[in-house]
Amino acid sequence: MMNSNAASSSTANPDAAGSPDPPAPRRSSKRPKYSKFTQQELPACKPILTPKWVILTFLVVGIAFVPIGITSLLASRDVVEIVDRYETDCIPVANRTDKVAFIQSNASKTCTRQITVTKHMKRPVYVYYQLDNFYQNHRRYVKSRNDEQLKKRSKTSETSQCEPEDTTPDGKPIVPCGLIAWSLFNDTYTFSRNKRQLTVNKNGIAWKSDRDHKFGKEVFPSNFQNGTLIGGAHLDESIPLSKQEDLIVWMRTAALPTFRKLYGKIEVDLEENDIIDVILENNYNTYSFSGKKKLVLSTTSWLGGKNDFLGIAYLTVGGLCFFLALSFTIVYLVKPRRLGDPSYLSWNRNPGGH
Amino acid sequence: MKRYIYINDDETSQDLYCANRLSNRKYTLMNFLPKNLWEQFSRFMNQYFLLIACLQLWSLITPVNPASTWGPLIFIFAVSATKEAWDDYNRYLSDKKANEKEVWVVKQGIKKLIQSQDIRVGNIVWLRENDEVPCDLVLIGTSDPQGVCYVETAALDGETDLKTRLIPAACMGMDFELLHKIKGVIECPGPDKDIRRFDGNLRLLPPFIDNDVCPLTIKNTILQSCYLRNTEWACGVAVYTGNETKLGMTRGIPEPKLTAVDAMIDKLTGAIFVFQIVVVIVLGTAGNVWKDTEARKQWYVLYPQEFPWYELLVIPLRFELLCSIMIPISIKVSLDLVKSLYAKFIDWDYEMIDPETDTPSHATNTAISEDLAQVEYILTDKTGTLTENRMIFRRCCIGGIFYGNETGDALKDVGLLNAITSGSPDVIRFLTVMAVCNTVIPAKSKAGAILYKAQSQDEEALVHAAAQLHMVLVNKNASILEIKFNGSVLQYEILETLEFTSDRKRMSVVVKDCHSGNISLLSKGADEAILPYAHAGQQTRTFVEAVEQYSQLGLRTLCLAWREVEEDEYQEWSLMFKEASSTLIDREWRIAEVCQRLEHDLKVLGVTAIEDRLQDGVPETIETLRKAGINFWMLTGDKQNTAIQIALSCNFISPEPKGQLLSIDGKTEDEVCRSLERVLLTMRITTSEPKDVAFVVDGWALEIALKHYRKAFTELAILSRTAICCRVTPSQKAQLVELLKSCDYRTLAIGDGGNDVRMIQKADIGVGISGREGLQAARAADYSIGKFRFLKRLILVHGRYSYNRTAFLSQYSFYKSLLICFIQIFFSFISGLSGTSLFNSVSLMAYNVFYTSIPVLVSTIDKDLSEGTVMQHPQILFYCQAGRLLNPSTFAGWFGRSLFHAIVAFVISIHVYAYEKSEMEEVSMVALSGCIWLQAFVVALETK
């Protein structure tokens, strides 16, 4: 042993002195800097999912979710909603064989409906129209608009993306251009109770941000619905787009083929058993694609309109959590196992195989 | 292709060969953009993304703004291109530095200082001490009167010892002035990359008398990138220049290695691509049908009556674009990024710094960390890898007497010391062979101590031991060698050196005693290379026993022998040797044949036993990794017995009752075949028993087995968890790696020396030990570590974490893309199959770039289990080996998860604003935030 030391030291020592770049100063620089990150020693914590923890978590979630579910369900039940489907009833019986022809004709399409209020409705009562099987989200449709044109007067001639409703045949730009605006809904409703007219407030039915920022105050409709094909409603050319709230509402495209859009608000309470007469102009063509049309009167709760989904979802998840907590408890009580028992490791259960 | 080089001739060879201009650059300023783009686009993924991006320019079908694809695509391209450009610029700078270095070159008979890049083949280059050699030179003059100079070849082969280089005999004794005017022809082969070989001839032209052809070997050259040391000046003729030098030829970009994980990701990407095509075809067809039946009735969509020919394609292409996000564009970049981080973690690791030399571990290849966790076979070298490669002379047997058996150290054996003082001729001769028969260079340090520079650790150990036993090698001066023995100085003239080759397995020197004028041959070598050539009368039994005994102790043995040579015999042989040395074809073989003619009738003097200790922690490391399900093969050039002993001492194989060692041997095909079949039979029987069965095979039998019984041997390789292959050549090592790879095993080769380089390069993962045999292996390897025991940490900690993280990250990338894509697909069902995108371009970009790629980076520093746990239970690695975290079924799990999450998110988002009242933008925002929450939840859940 002594000899080996002597031998190695005799080589090592002069070696270091003799070689042109002694390794001593290089050593320190070769060693990387120490930090917790480089050594992968950053602090971390990891909860161990012991049975007790899991059961407790499920219980807490269940306890939190079930009341939320119940309250939102109650809120949703509070909302009074009256739906009146009218698209077939508003066609004279004689014309029902060919509804499309009727709707495209010039015949008078006025129609009266009677709605009975089933329950007391607190103001404001929202009036919606609901269309069915109408694909506002169709790719050709949803893109057929020009936001620049809607916003700025200077961009009037900006009609890209609007084909085929971009310009009139003689090349004048249509404002607002595009299929969405062109197909604006044009049924109208007038409500009366006991022969007394109920005013429908059509102000503030569109989003404020839309009115203020997306539709210009100086942009006026022009060349709209002047073509050979008439789509939907006409627009008053003296009112700027920001005031055309029906248009603004319509142009917020719906995500689903069944959609409801706000028509206006009735600012009085409606009593139970009130009979409301509706005079409606049934102008809009949903007959070619057999779409339904509905008139909806609805109140709101603190959660918004009628929507049972949230309540049911909360209740389901909460219930599921309770159920899991219960079954885990049973499993835990019936078949307890020690935490971190190495005999459960796969290589301990069947030696050799992996 | 032979080269004829006219020395110092400015006209003839000017333009024949390239100038000494180095160029490692891949690109030039002009071709960078096209070439780089071309390279990037040769990858399938990139072609796919480019196609998608181009399709998006067609506004009729694009669901989102083209910028959402072009942006990331250009970004990714820019990143790779910048990296390439930066690397190339650095290469350019280093080339420029080398090219513009000034060197002294003789031009038109005058020594001039010119730039290195202007050196031409045939020029005479002058170097001073500590100069770097600018190109491959044939030495023609040095400051040393004996014509010797010393070079450091560390940059070439990593060996740090100084090597002697000689000027050819023809140039011997030429003076300074004459060297300027020298004319001649060098005949040599065309450029190659063998740095250990140069077979040339030199013939000086008439004014310089000597008309003989003078042989040139690698000994007469100094190669590019070496340094001139301990020599005042040297000059040489440029033979290979520029990129044609030996170094330039060896340079080259190694083939990129593909990890199992990468291959799996590619496969899964392919599967997703197929899925995507199916979705596109189904939805596209359905969309077209819906358009024809339903959309015509939807007057407000205003479909034109007439449509162009491509109308049928529009909807499918729209869906293709909608679904293109299924394959995440960023996956390659983010994986590259985290992989280089893993590599950095290896470089930074404090626990993998060699405490002796303070060398940190280094990951040269940053792309294959996760493969470390999937290694199934480790092929390891023995010397220097398992052992320290620090040789210590322990025992010897001289003339039948064993020394050092009692004390365990022959140097302290009283018997031996007495024998020396009493001047026993056998012992003296034995020591003389130890001190003389080697290529060790003694050098005096400033302090006056003698230090030995040796290429072979064994030789160094022997010379040291001889010195301890009062036979001190003092000086070696070209051919004169001085030895101090008990105060008197003995001088020998070395007439010839018969070098060691791995085929001959012995080396000899022919020396002339300057005092008595007797010529003798001194040999040392492996037992089977010496004992058969013992002269007829000698009993070699005791030596065979000694070798046996020593190798059972795990010691390395060498036999020493000598014989007297008559003057005439030497003269005759010397001529043959000269002739053989100057042949250009098969020189090595010819020399070996000639050497054989002298090396016979040897008087065997004795056997030396050298100990090579095991490195610290080797048995533990092997045991731990064995528990982790990794199989070990030992491939060594050493003897069978030594190898088995080392294997036993480091837990490689178990001793008898528990383990069983089967050996495959035989000299002929039949014998090997029978032996192989026998072993195979035993192996098949014992696979069911919990017994460690290993097989041993030597190089010869292996050669036959690989050639003729490959199938049987392959089966054996699959059955056997442990194998010891002894006496194998570097190429056989590489062949074994190939064999295991062909059976679809992940292999890791670990070694430390030049003979391991091929196996390291062949294996899926090459690990080099930056040890005492130089840095050659460490340089060729993907990872270099200081000690064998770091392998445990490299595999269990770094490999495993990398694998887990990559597995998570890659599948997560697909998960988040699929999640958003499924929502798009669901939405298309309620939007009339027209290919409307629910999300706008900005949300999609933000989702991909911001929300999903940054939080997930946390996972790159995630540890699922602590390092200690993994080290304690190496079985955990089974999971990674079997690829349990990334395979089609886990991927299916992630796929299902994204489908489920997409359904949940979609249902909630369309119902949360009472179904009918949902607006596009609201739904899109709710769904997007749902996705963001869900994926964040997944990240939080999956990181531990």
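Helix α15 (residues 567-581) of chain B supplies the largest share of a negative surface patch, namely three residues. The model is predicted: local features require pLDDT of at least 70, side-chain atom pairs count only at pLDDT 80 or more, and totals for chains, interfaces and linings use all residues. Residues are numbered from 1 along each chain as its sequence is written, chains are lettered from A in the order in which they are written, and side-chain values use heavy atoms, with hydrogens and water left out.

**Negative patch on chain B**

- The patch of negative charge on the surface gathers E564(B), E566(B), E567(B), D568(B) and E572(B).
- Patch residues have over 30% relative accessible area and no salt bridge, and like charges are joined within 9 Å; Asp and Glu count as negative.
- D568(B) is located in helix α15 of chain B; helices are DSSP runs (H or I, at least four residues), and strands are runs of E with at least two.
- D568(B) has a relative accessibility of 61% and therefore counts as exposed; the classes are buried under 20%, exposed over 50% and partly exposed in between, with a 1.4 Å probe and protein chains only.

**Salt bridge within chain A**

- Over all chains, 48 salt bridges are found in the whole structure; each requires a side-chain nitrogen of Lys or Arg within 4 Å of a carboxyl oxygen of Asp or Glu.
- One of them joins the side chains of K293(A) and D187(A), at 3.0 Å from N to O.
- Because K293(A) lies in strand β9 (residues 293-298) and D187(A) in the loop between α7 (179-182) and β4 (188-193), both of chain A, the pair ties together parts that are 106 residues apart in sequence.
- Both K293(A) and D187(A) are buried.

**Salt bridges between chains A and B**

- K214(A) and E921(B) meet through their side chains in a salt bridge of 3.8 Å, N to O.
- This pair crosses between chains, from helix α8 (residues 208-214) of chain A to helix α30 (residues 920-942) of chain B.
- K214(A) is partly exposed at 36% relative accessible area, and E921(B) is partly exposed at 45%.
- R252(A) forms a salt bridge with E919(B), with the closest N and O atoms 3.0 Å apart.
- E919(B) lies in the loop between α29 (888-912) and α30 of chain B and R252(A) in the loop between α9 (245-251) and β7 (259-266) of chain A, so this pair joins two chains.
- E919(B) is buried at 14% relative accessible area, and R252(A) is buried at 10%.
- A network of salt bridges links D210(A), K214(A), R252(A), E919(B) and E921(B).

Key:
Patch = residues over 30% accessible without salt bridge, like charges linked within 9 Å, V, L, I, M, F, W, Y side chains within 5 Å. Areas by Shrake-Rupley, 256 points an atom, 1.4 Å probe, with all protein chains shown as cover. Charge placed at Lys NZ, Arg CZ, Asp CG, Glu CD.
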